[in-house]
Amino acid sequence: MPQDKYAILVIDDEEPIRRLLQRELSEGNREVFTAESAQQAMQLINERHFSVIVMDLRLPDVQGLELLVKLKESLSNTEVIMITGHGDVDTAVEAMKFGAYDFIRKPFNLERLDLLVAKAHQRVVLERENAILRQQAGAKNDVSFIGNSKMINEIMFLVNKVAPASIPVLITGESGVGKDVVARLIHMRSNCCGKPIIIKNCASLQKELARSELFGHVKGAFTGADDTREGLLAFADESTLFLDEIGELPMEVQASLLRALETQTYRRVGDKEERKVNIRFLFATNRHLAEEVEKGRFNEAFYHRINAFHIKVPRLAERKEDLPLLVDYFLSILNTDGMEYRLIDSAMACVLRYNWPGNVRELRNVLERAMILAENGIITERCLPRELVEQSENGDDVFTLETVEKQHILKMLDVFEGNRQKTAETLGISRKTLYRKLLNYAAG
């Protein structure tokens, strides 16, 4: 599906530069406007929204970073890329301190600027989506699985197919990969999305009270049952019950839950009457349940029932091309101080080379720590855990930014069966840029 058009504003007092950038950047889903001064730029900004602004540091009617500061104070959902023929490192750091997305010197590389514009727009889109999600926090809050790899696209295909059905779903994968996100996505796309999803981690269930917590109990059913209480099945009626770490559920409770799955009926502990429910069941585990069945630690009939539809969530190490998007996502949602955070290239290279044994959860924790240690929003290797940097330096599996970009582009080309226009639109780059990169790969 073609992406919506977005507007770019180029501010430069040199007419040849304005003409060059308008010609080079006006491709695909972009519309480029130009201004020769700050005053003319502000007139255009008052008339429409610009996703990305590319501006010269030196303009005839403003001093230094004055216009940048004014833009960041007055605009939301806009990224600013600075260009200058007179910049130095101090000016670059100062520009990013005041909110610039990036900084590029004249004479600049057009391909690099083209990629910067595409990435800046992707950040704007991501921040806009996050703002909408925060506004919708509550029972109807939407969720998204961040990534554009082939594996994630396959998961989203399965989610969209199975969500409207009533069949149980088993979600598997290592700890921290986002199995709960997949469960929430299924619920939000199901017929019972209007009600809250009921979530329980089976590892937190006390063995003696697991049956009572799931099914409820009547007064006097056992020692300590001083009153009648409803269980999770009652709360999940006409909605979704998501049981995480189902491999931890006691064997003696699995048979009772199997019956509830098959008949949509259950009895509270100590009760003689059956109760009817309508529940969508979702399960997740990081265990190999087939092996648990063979070893007699998991009910075989229950396993086959909950495994009616299986979604496996990959390790983060298997989809490293999604790391840049995940980094931008977490830096956005974890930002509580209004500062713009970004990783320098060498720090991002460490992130790309690391194996992430703790998966997406570990990535979030690392970035949360890095934001605390960052100076003026700039995250360097010093902000990352020592073991992450050391593994990245000593590891045999080296992933440079260029390597990951190449792998991602070639995978997207495969996804769209060689259609370069659709590939370029999905990647957020121009078709010309895609052709240049493919030529470079062929030459390499």
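Select Phe283 and display its surroundings. Leaving aside neighbours within four places in sequence, Phe283 is in contact with Pro168, Val169, Leu170, Ile171, Phe242, Leu243, Ile246, Leu257, Leu261, Phe302 and Ile306, where contact means heavy atoms within 4.5 Å. The model is a predicted one, in which local features need pLDDT of at least 70 and side-chain atom pairs count only at pLDDT 80 or more, while totals for chains, interfaces and linings use all residues. Residues are numbered from 1 along each chain as its sequence is written, and side-chain values use heavy atoms, with hydrogens and water left out.

Phe283 belongs to strand E13 (residues 280-285); helices (H or I, at least four residues) and strands (E, at least two) are DSSP runs, numbered from the N terminus. Is Phe283 buried or exposed? Its relative accessibility is 0%, so Phe283 counts as buried; the term means under 20% relative accessible area, with exposed set at over 50% and partly exposed in between (1.4 Å probe, protein chains only).

Next, select Glu292, in helix H11 (residues 289-294). Glu292 has a relative accessibility of 9% and therefore counts as buried. Not counting residues up to four places away in sequence, Glu292 touches Arg287, Arg297 and Phe298.

Move on to Ser37, in the loop between strand E2 (30-35) and helix H2 (38-47). With a relative accessible area of 14%, Ser37 is buried as well. Which residues does Ser37 contact, leaving aside neighbours within four places in sequence? They are Ile11, Pro60 and Asp61.

The tour now turns to helix pairs. Select helix H6 (residues 150-162) together with helix H7 (residues 179-188): their axes come within 8 Å and cross at roughly 40°. The axes are lines fitted to C-alpha atoms, for helices over the stretch in contact, and angles run from 0 to 180 degrees between N-to-C directions. That angle makes H6 oblique to H7; angles under 35 degrees count as roughly parallel, over 145 as roughly antiparallel, 65 to 115 as roughly perpendicular and the rest as oblique. H6 passes H7 in a right-handed crossing, that is, the near helix is turned clockwise from the far one by less than a right angle, anticlockwise being left-handed. Show side chains to see Ile155, Met156, Val159 and Val162 of H6 meeting Val182, Leu185 and Ile186 of H7. The residues of this contact comprise 7 nonpolar, no polar and no charged (Ala, Val, Leu, Ile, Met, Phe, Trp, Tyr, Cys and Pro count as nonpolar, Asp, Glu, Lys and Arg as charged, and the others, Gly among them, as polar).

Now select helix H13 (residues 323-333) and helix H15 (residues 359-373), whose axes come within 10 Å and cross at roughly 55°. H13 is therefore oblique to H15, and their crossing is right-handed. From H13, Leu323, Leu326, Val327, Phe330, Leu331 and Ile333 meet Val360, Leu363, Arg364, Leu367 and Met371 of H15. The residues of this contact divide into 10 nonpolar, no polar and 1 charged.

Finally, clear the selection and view the whole chain, which has 19 helices and 16 strands. Of its 444 residues, 49% count as buried.
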